[in-house]
Amino acid sequence: MISVRFLGTGGARFVVAKQIRASGGMWFRFEPAPGEEDGPVTQIHVDPGPGALVRATSAVPPCDPAELDALALSHKHLDHAGDINVMIEAMTAGGFRRRGAVLAPSDAFEGEAVIFPYAAKFVASRTVLEERGGPYHVNDVELRTSIRHIHGVQTYGMHFRYRGTTVSYLPCGRYFEGLAEDYATHHPDVLIVNVLRYRDSMKVDHMNFDEAKHVFDVVRPKVGVMTHFSTRMLEQPPERLAREIEDELGFRVFAAYDGWTLDATTEIAAVAGR
Ligand SMILES: [Zn+2]
Ligand SMILES: [Zn+2]
């Protein structure tokens with residue numbers, strides 16, 4: 001079974017600065033279904049932005065950092081990585097229990113590193129994510145990365161594969177020819193897309209809603225999720241836009257909200273049963 005808890009669904013600087021939506025990232029949980037072959041429960045926290053630790057520990061039921069197996073960054077921007085060192089300390093009991101993994105692009109570890117060298121030493125394994133890399137392993141979960149996004153710093157999407165199901169995460173970046181096709185090669189059952197902008201002519205390294213819709217159309221997951229919203233997206237609101245994609249493309253699409261848990265296994269099964 002795979003579930004994803006959204007500890008934050010805010011994207012643009014203003015939304016994050018004002019905490020109109022939280023910015024704690026996504027908490028993935030992979031565990032054997034009842035009756036399935038036994039195996040470990042694996043928990044991976046992706047993109048722990050500002051407030052991630054507070055959001056995790058105050059969630060109901062709480063997400064326990066001491067049980068985390070890995071922290072993963074799509075890229076080092078602050079809205080994705082603000083709490084990475086705090087989360088490393090929480091995962092490793094302040095460095096007293098050397099455990100867990102950190103996976104991130106090389107520029108998160110080097111140069112203007114966002115992962116402090118002292119904190120990196122607390123974790124049992126450090127993995128540098130590369131373009132179209134992997135499979136990287138966290139217990140029996142496989143992670144592969146996407147083509148490099150156009151986003152200022154090294155940015156990669158993530159494809160998590162567990163017991164025959166793939167959940168993919170498409171983080172921030174400008175739309176370009178070939179982006180959607182790269183994601184489509186992984187045939188994700190669930191595709192989570194950061195949709196920051198609605199309709200504007202801003203020349204920034206973020207996709208807008210129409211581009212995201214095109215990506216969904218090319219990839220055609222069983223279940224789509226939009227997250228990482230700006231104020232323009234929140235005004236629409238995103239729930240209406242999710243229905244619009246659903247009506248046009250004919251698969252289930254959700255607009256994520258703070259505290260929501262996507263029960264990926266159940267939603268995929270519901271599609272199969274239709
Ligand atoms: Zn970014
Ligand atoms: Zn972002």
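The zinc ion (ligand 1) and the zinc ion (ligand 2) are separated by 3.5 Å. Ligand 1 is coordinated by His75 (NE2), His77 (ND1) and His151 (NE2), at 2.1 to 2.2 Å. Donors here are N, O and S atoms within 2.8 Å of the metal (3.2 Å for Na, K and Ca); water is not among the atoms, so sites may look incomplete. Along the chain, the donors of ligand 1 follow the spacing H-x1-H-x73-H. The pair His77 and His151 links distant parts of the chain, 74 residues apart. His77 sits in the loop between β4 (70-72) and α3 (78-81). His151 sits in the loop between β8 (141-148) and β9 (156-162). Helices (H or I, at least four residues) and strands (E, at least two) are DSSP runs, numbered from the N terminus.

This is a predicted model, in which local features need pLDDT of at least 70 and side-chain atom pairs count only at pLDDT 80 or more, while totals for chains, interfaces and linings use all residues. Residues are numbered from 1 along each chain as its sequence is written, chains are lettered from A and ligands numbered from 1 in the order in which they are written, and side-chain values use heavy atoms, with hydrogens and water left out.

His151 is buried, with a relative accessible area of 6%. Buried means under 20% relative accessible area, exposed over 50%, and partly exposed in between (1.4 Å probe, protein chains only).

Next, strand β12 (residues 223-227). Five of its five residues are buried, so β12 is largely enclosed by the rest of the structure. Both faces are covered: Val223, Val225 and Thr227 lie on one side, Gly224 and Met226 on the other. β12 pairs in the parallel sense with strand β11 (residues 190-194) over five bridges. It also pairs in the parallel sense with strand β13 (residues 252-255), over four bridges. Pairing requires at least two DSSP bridges between two strands. Gly224 stands opposite Leu191 and opposite Val253 in β13. β11, helix α8 (residues 209-219) and β12 make a right-handed β-α-β unit. Right-handed means that, with the strands pointing away from the viewer, the path from the first strand over the helix to the second runs clockwise.

On a 1 Å grid over the protein atoms alone, a cavity is a set of points where a 1.4 Å probe fits but cannot get out. A pocket is an open set with protein on both sides within 12 Å along at least five of seven lines, and lining residues have an atom within 4 Å of a point. Points are joined across faces, edges and corners, and a volume is the space filled by probe spheres set on them.

| Space | Volume | Lining by class |
|---|---|---|
| Largest pocket | about 420 Å³ | seven nonpolar, six polar, two charged |
| Second largest pocket | about 200 Å³ | four nonpolar, three polar, four charged |
| Largest cavity | about 110 Å³ | three nonpolar, nine polar, two charged |

Ala, Val, Leu, Ile, Met, Phe, Trp, Tyr, Cys and Pro count as nonpolar, Asp, Glu, Lys and Arg as charged, and the others, Gly among them, as polar.

The largest pocket has a volume of about 420 Å³. Of its 15 lining residues, the closest to its centre are Gly11, Ala12, Arg13, Asp79 and His206. The largest share, three residues, comes from α1. The second largest pocket is lined by residues including Trp27, Cys63 and Thr261.
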